[in-house]
Amino acid sequence: MPRGNAPQTKVHYHGKDEDFVIYVDGSKAVQDWKKDRSIPLAQVVSGFKIFVTHKHGAQSVGDEASKSTLENEFGTYNEDECMIKILEGGNVQDTESGERQGPKNDSMGTRSAH
């Protein structure tokens, strides 16, 4: 997954009981996959993890989805099948994460006073 100011693309799926998020390699990759299903999921999905946001929307990525949560929502706990359903019915969102803030090196290395 990208760090710093790198763009980040995710697909948000609003389910019956939960909201699900998967990270993808870009909105173009999702569009290409929708047109040509012979493209492997590995070329679309960035990391084979499905996250659940506990109904806090797309901006709040929380825990990894459990098998029972996937089974309740999609009728299967097979992650590949669930990802296909999320890609088909979800909303693609491009975001750019801000630069990480906070101290970079508190001790200032060898420059600290002795």
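Author: Start with burial: a residue is buried under 20% relative accessible area, exposed over 50%, and partly exposed in between, with a 1.4 Å probe and protein chains only. The model is predicted, so local features need pLDDT of at least 70 and side-chain atom pairs count only at pLDDT 80 or more, while totals for chains, interfaces and linings use all residues. Residues are numbered from 1 along each chain as its sequence is written, and side-chain values use heavy atoms, leaving out hydrogens and water.

Reader: How many helices and strands are there?

Author: The protein chain has 3 helices and 5 strands. Both are DSSP runs, numbered from the N terminus: helices are H or I with at least four residues, strands are E with at least two. The order from the N terminus is β-β-α-β-β-α-α-β.

Reader: And what share of the residues is buried?

Author: Of the 114 residues in the protein chain, 33% are buried.

Reader: Let's take a helix. Which residues of α2 are buried?

Author: Helix α2 covers residues 67-74, and its buried residues are Leu70, Glu73 and Phe74. They span an arc of only 75° around the axis, so they sit on the same side of α2. That arc is taken from the directions from the helix axis to the C-beta atoms.

Reader: What covers them?

Author: The cover includes β1 (7-14), β2 and α3 (79-89). It is judged by contact, which means heavy atoms within 4.5 Å.

Reader: What comes just after α2?

Author: Gly75, with a positive phi of about 80°.

Reader: Contacts again. How many of them join residues at least 24 apart?

Author: Take contacts between residues at least 6 apart in sequence: 61% of those join residues at least 24 apart.

Reader: Now β2. How many of its residues are buried?

Author: 6 of its 6 residues, so β2 is mostly covered. Both faces are covered. Asp19, Val21 and Tyr23 are buried on one side, and Phe20, Ile22 and Val24 on the other.

Reader: Which way do β1 and β2 run, parallel or antiparallel?

Author: Antiparallel, with 6 bridges joining β1 to β2. Two strands pair if DSSP finds at least two bridges between them. A hairpin of 4 residues connects β1 to β2. Tyr13 has Phe20 in β2 as its bridge partner.

Reader: And how many bridges join β2 to β3?

Author: There are 2, and these strands also run antiparallel. Val21 stands opposite Phe51 in β3.

Reader: Back to Asp19. Buried or exposed?

Author: Asp19 counts as buried because its relative accessible area is 4%.

Reader: What does its side chain touch?

Author: The side chain of Asp19 makes a polar contact with the His12 side chain at 3.3 Å, and one of 2.8 Å with the His14 side chain. A polar contact is a pair of N or O atoms within 3.5 Å; within protein, one must be able to donate a hydrogen and the other to accept it, and residues adjacent in sequence count only if both atoms are side-chain atoms.

Reader: Is Pro7 buried or exposed?

Author: Pro7 also lies in strand β1. With a relative accessible area of 59%, Pro7 is exposed.

Reader: Rings next. What counts as an aromatic pair?

Author: Rings of Phe, Tyr and Trp (its six-membered ring) pair if their centres lie within 6.5 Å; planes under 30 degrees apart are stacked, over 60 edge-to-face, and the rest tilted. By this rule there are 4 aromatic pairs. One of them is Tyr13 with Phe20, tilted, with 6.5 Å between centres and 50° between planes. Tyr13 and Phe20 are both buried.

Reader: What about Tyr23 and Phe51?

Author: Their centres are 5.9 Å apart and their planes are at 80°, so the pair is edge-to-face. It links distant parts of the chain: Tyr23 is in β2 (residues 19-24) and Phe51 in β3 (residues 51-52), 28 residues apart. Tyr23 and Phe51 are both buried.

Reader: Which residues form an aromatic cluster?

Author: Tyr13, Phe20 and Phe74 form one. Phe74 is also one of the buried residues of α2.

Reader: Last one. What lies over the face of Trp33?

Author: Arg37, at 4.0 Å from the ring centre. A charge sits over a ring if NZ of Lys or CZ of Arg is within 6 Å of the ring centre and within 35 degrees of the ring normal.
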